[in-house]
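Here is a short report on one structure.

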There are 2 protein chains.
Amino acid sequence: MHINFTDRELDVMSVLWNAQSATVAEVRERLADDLAYTTVLTVLRTLEQKGHVAHTGEGRAHRYRPLVKRAAAGRSALRRIVDKVFDGSPELLMTQLVSDKNLTDEELRRLRKLLAERLRERKP
Amino acid sequence: MHINFTDRELDVMSVLWNAQSATVAEVRERLADDLAYTTVLTVLRTLEQKGHVAHTGEGRAHRYRPLVKRAAAGRSALRRIVDKVFDGSPELLMTQLVSDKNLTDEELRRLRKLLAERLRERKP
DNA sequence: CTCTATCTACTAGCGTTGTAGTAGATGATA
DNA sequence: TATCATCTACTACAACGCTAGTAGATAGAG
């Protein structure tokens with residue numbers, strides 16, 4: 001299955017993934033951009049229509065929760081990038097990731113650790 | 001800078017990255033989906049308008065080449081995924097990749113080396 | 001020189017995205 | 001109870017994306 005969120009939808013999903021669930025007001029609060037309340041509501045409603053989130057009543061408000069898991073969305077997005085940008089080579093993608101100038105030293109060190117673990121756990 | 005290709009644009013860019021440069025007919029040939037000639041032309045023209053490709057004349061045809069490098073597009077796309085889907089954690093993304101696609105030990109070692117170099121070159 | 005294939009330029013229509021306003025319901029407050 | 005704040009539903013509308021058609025230029029075939 002081929003999930004594809006728009007920019008704004010992804011912003012909203014990101015909030016929901018981090019918060020587990022949220023009302024419109026809560027989502028709005030946590031978004032970086034300052035959008036109108038109704039705008040956020042509209043985005044949530046279209047996400048619901050597409051089957052990516054669901055809501056349950058909470059007083060007069062609605063509480064939204066994601067139906068799509070973070071990992072599934074990640075897999076889908078990554079596959080696309082690997083295919084189209086990195087010509088089907090995940091290694092190329094990782095190389096890119098590692099040479100990204102925006103990564104902090106701390107992040108790089110953690111990556112190194114992860115790799116080391118991965119290698120160790122394969123050796124035997 | 002924040003590059004953002006649409007799905008179809010990305011398909012076309014992918015062809016250009018792989019071929020170095022191509023005419024409309026060549027791009028059309030290499031696309032997975034069977035689009036009308038004019039459709040492909042339109043996509044190329046909008047890409048040009050956005051400054052992502054350029055063309056030079058070749059007989060009565062135009063030859064298009066990418067102005068945006070693969071790596072730049074990759075960086076941009078990855079940033080976005082790391083931020084929004086993997087909550088700013090590149091190692092989470094990496095874990096996903098490593099477990100999803102089966103990388104060889106050799107590939108992992110090369111990555112480790114690359115990582116070490118990157119870290120060394122930052123220290124000073 | 002005429003016909004045909006091929007190419008670009010321009011135009012178009014429909015669906016989606018992004019943003020938000022207005023209307024009406026309802027819970028809280030004075 | 002009258003008013004205010006807040007919430008959803010519905011509507012709007014411009015910009016963009018995706019697809020492709022038509023018109024007109026031109027190179028090559030005969």
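## Surface near the DNA

A residue counts as near a strand if one of its heavy atoms lies within 4 Å of it. Helices and strands are DSSP runs, numbered from the N terminus. The model is predicted.

The largest share, four residues, comes from α3(B).

## Residues and classes

There are 18 residues around DNA strand C. Those that come nearest are Thr6(A), Arg8(A), Thr42(A), Tyr37(B) and Arg45(B). By class, this surface has six nonpolar, six polar and six charged residues.

Of the atoms of DNA strand C within 4 Å of the protein, 72% belong to sugar or phosphate. The rest belong to bases.

Side chains of chain A reach both phosphate and base. A polar side-chain atom of Lys50(A) is 3.1 Å from a phosphate oxygen of DNA strand C. For Thr39(A), a side-chain N or O atom lies 3.4 Å from a phosphate oxygen. Thr38(A) has a side-chain N or O atom 3.1 Å from a base nitrogen.

## Gln96(A)

Gln96(A) sits in helix α5 (residues 90-99) of chain A. Its relative accessible area is 8%, so Gln96(A) is buried; the cut-off is under 20%.

Which residues does Gln96(A) contact, leaving aside its neighbours within four places in sequence? They are Phe86(A) in chain A, and Ala71(B), Arg75(B) and Leu78(B) in chain B.

Definitions and conventions. Residues numbered from 1 in each chain as written. Chains lettered and ligands numbered in written order. Predicted model: local features only at pLDDT ≥ 70, side-chain atom pairs only at ≥ 80, totals over all residues. Heavy atoms only, no water. Polar contact = N/O pair within 3.5 Å; in protein donor to acceptor, adjacent residues only side chain to side chain. Helix = DSSP H or I, 4+ residues; strand = E, 2+ residues; numbered from the N terminus. Nonpolar A, V, L, I, M, F, W, Y, C, P; charged D, E, K, R; others polar. Buried < 20%, exposed > 50% of the residue type's maximum accessible area, 1.4 Å probe, protein only. Contact = heavy atoms within 4.5 Å.
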